[in-house]
Amino acid sequence: MTKTLNLTLRVWRQKGPDSAGKLETYDAKNISTDMSFLEMIDVINEQLTLEGKEPIAFDHDCREGICGMCGAVVNGRPHGPEKGTTLCQLHMRHFSDGDTIFIEPWRSRAFKIIKDLAVDRSALDIIIQAGGYVSVNTGGAPDANAIPISQETAEKAMDAAACIGCGACVAACPNASAMLFTSAKISQLALLPQGKPEAAKRAIEMVRTMDKLGFGNCTNERECEAECPKEISIVNIARMNREFFKASFFSDVK
Amino acid sequence: MGWFIKTFTSSIGKKWLMAITGLSFCGFLTSHLLGNLTLYSGKDAFNSYAEHLHSLGVLISVSEKGLLFFGIIHVLTGLVLFIQNIKSRPVRYSVKKSAGGRTIGSFTMPYTGLVLIAFIVLHLINFHFVDKTGTTIYQIVQEAFSKPVYIIGYIFAMIVVAVHVSHGFWSAFQTLGVNHPKYMPFIRKAGIAFSLIVGLGFGFIPVFISLTI
């Protein structure tokens, strides 16, 4: 049944990448429990616009939980308190009347705040560019299923490929490490025969690029897998460690 | 050699250093505990164990240097990771909650580590670099544990060891790439069991000694 909520929001407001930010307080009145979290911010932004104030900048795109564009830290939890859910799929029915909700952007040295809750996550793209590709021959389309891959392996690769690159793992990590993201991107290709020719170069280049971009080091806190909206497991991090080991000691890549 | 340095200064390389040295300390704890268990069967058993241990000669001095070398690597790498990890998030969250991944062991790792290094220094001063002429190691232990401050300090340190190892043990396996649905649940349980055995095995020594005086 639809109810309405009255909430107090404490939202991080920051004019630009280099300006100082602070938490501002807003009253969210008559918020329907059927709304998504982003729709709730839309309502607040309508109000702010009518009052002649600057609306809250936040990232969003598909609003179906598949694009990886949205995300904010809600009451200390990336994408909010629900397990395996992106912020756009978080509904207001999970909150109670009178709640105070803290909304902050992803925080990491490698992610610069563009404005308010909008964060520049191009560091993740740079990691992919360093080695997250496979080489394919040009010419006619190859036959489907020409290369035998077991169902189990295909499933594991797909589990890693479910990563939408939202950056919640970095936001959740006490060390702001991008290990879960990088390991998912390495794993999805390392598991399949198509990714084998570049495996060594990929592992080394992607890990070194990740380090260079200023992400922290993994200390196996497991917060990333607990917060990942696609529930990607740290088994992938162990696989990346093995890939990096093989590449470092048994390949020609320097 | 450029690749070698690059490998071990990478984030994964540093993890390996922590894991390999840490696992070898687990091995040390096991042998140290097995030896010290002779304390529970009395003065003579412990003294003769100590004698046998020292008669190993060069084996012992090599192990000591190895442990010292590993200790330096573990502490320095740990400090570098600690500082880098603080720097990687220059602006902290106003509100941050755990999603259930962290444990007491995992989030206290650098702090329990610093407590342990202080303990190890004191421990070596008390029992290793102590003047052993005209006395037995059992008497030294007995005298130390006649002081309540020592008993409390030692038990506290053993709780800290157990907490540190409860995260360190399974974490080392994860770092070395040994994570598999078949055996990870066992490794996690073995880590908890190991930390309990170490904590209780060492922790009861001062209690036992002070009761048998």
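Two strands pair if DSSP finds at least two bridges between them, and in this predicted model two bridges join strand β3 (residues 73–74) of chain A to strand β5 of chain A, the two running antiparallel.

- The strands of chain A form an open sheet of five, in the order β2-β1-β5-β3-β4, with mixed pairing.
- Because β2 (22–32) and β4 (77–78) of chain A each have a single partner strand, they stand at the edges of the sheet, and one side of each is left without a neighbour there.
- Strands of a sheet pair through backbone hydrogen bonds, and they may do so in either the parallel or the antiparallel sense.
- The antiparallel sense is found between β1(A) and β2(A), which pair over nine bridges, and here A:T4 has A:S32 in β2(A) as its bridge partner.
- The parallel sense is found between strand β1 (residues 4–13) and strand β5 (residues 100–104) of chain A, which pair over four bridges, with A:T100 in β5(A) as the bridge partner of A:T8.
- In the pairing of β3(A) with β5(A), which is antiparallel, the bridge partner of A:V73 is A:E104 in β5(A).

**The two domains of chain A**

- The domain assignment divides chain A into domain 1 (4–104) and domain 2 (121–135 + 149–250), and the C-alpha centres of these two domains lie 29 Å apart.
- Where the domains meet, 12 residues of domain 1 of chain A are in contact with 10 residues of domain 2 of chain A, and the side belonging to domain 1 has four nonpolar, seven polar and one charged residues.

**Chain B and its helix α2**

- Chain B has nine helices and zero strands, and its C-alpha atoms fill a box of roughly 55 × 45 × 35 Å along the principal axes.
- Of the 213 residues in chain B, 28% count as buried, and among its contacts with a separation of 6 or more, 82% come from residues 24 or more positions apart.
- Helix α2 (residues 11–36) of chain B has 26 residues, and the distance from its first C-alpha to its last is 37 Å, close to the 38 Å expected at 1.5 Å a residue.
- The buried residues of α2(B) include B:W16, B:L17, B:M18 and B:F25, and the buried residues of this helix pack against α6 (199–212) and α8 (235–250) of chain A as well as α1 (2–9), α4 (58–87) and α8 of chain B.

**Where the chains meet**

- The contact between the two chains takes 37 residues from chain B and 39 residues from chain A, and on the side of chain B at least two residues are supplied by each of α1, α2, α4, α5 (104–107) and α8.
- By class, the side of chain B that touches chain A has 12 nonpolar, 17 polar and eight charged residues.

**The largest nonpolar core**

- In soluble globular proteins, nonpolar side chains tend to be buried together.
- The largest nonpolar core has 98 residues, of which A:C169, A:V170, A:A178, A:L180 and A:A203 touch the most other members.
- Helix α8 (residues 148–175) of chain B gives this core its largest share, 12 residues, while domain 1 and domain 2 of chain A each contribute at least three residues.
- Leaving aside residues up to four places away in sequence, A:C169 touches A:A178, A:L180, A:F181, A:C224, A:E227 and A:C228.

Conventions
Residues numbered from 1 in each chain as written. Chains lettered and ligands numbered in written order. Predicted model: local features only at pLDDT ≥ 70, side-chain atom pairs only at ≥ 80, totals over all residues. Core = buried A, V, L, I, M, F, W, Y, C linked by C-beta atoms within 7 Å. Buried ≥ 20, exposed ≤ 12 C-beta atoms within 10 Å, placed from the backbone. Domains from an automatic or database assignment. Contact = placed C-beta atoms within 7 Å. Nonpolar A, V, L, I, M, F, W, Y, C, P; charged D, E, K, R; others polar. Expected span 1.5 Å × (residues − 1).
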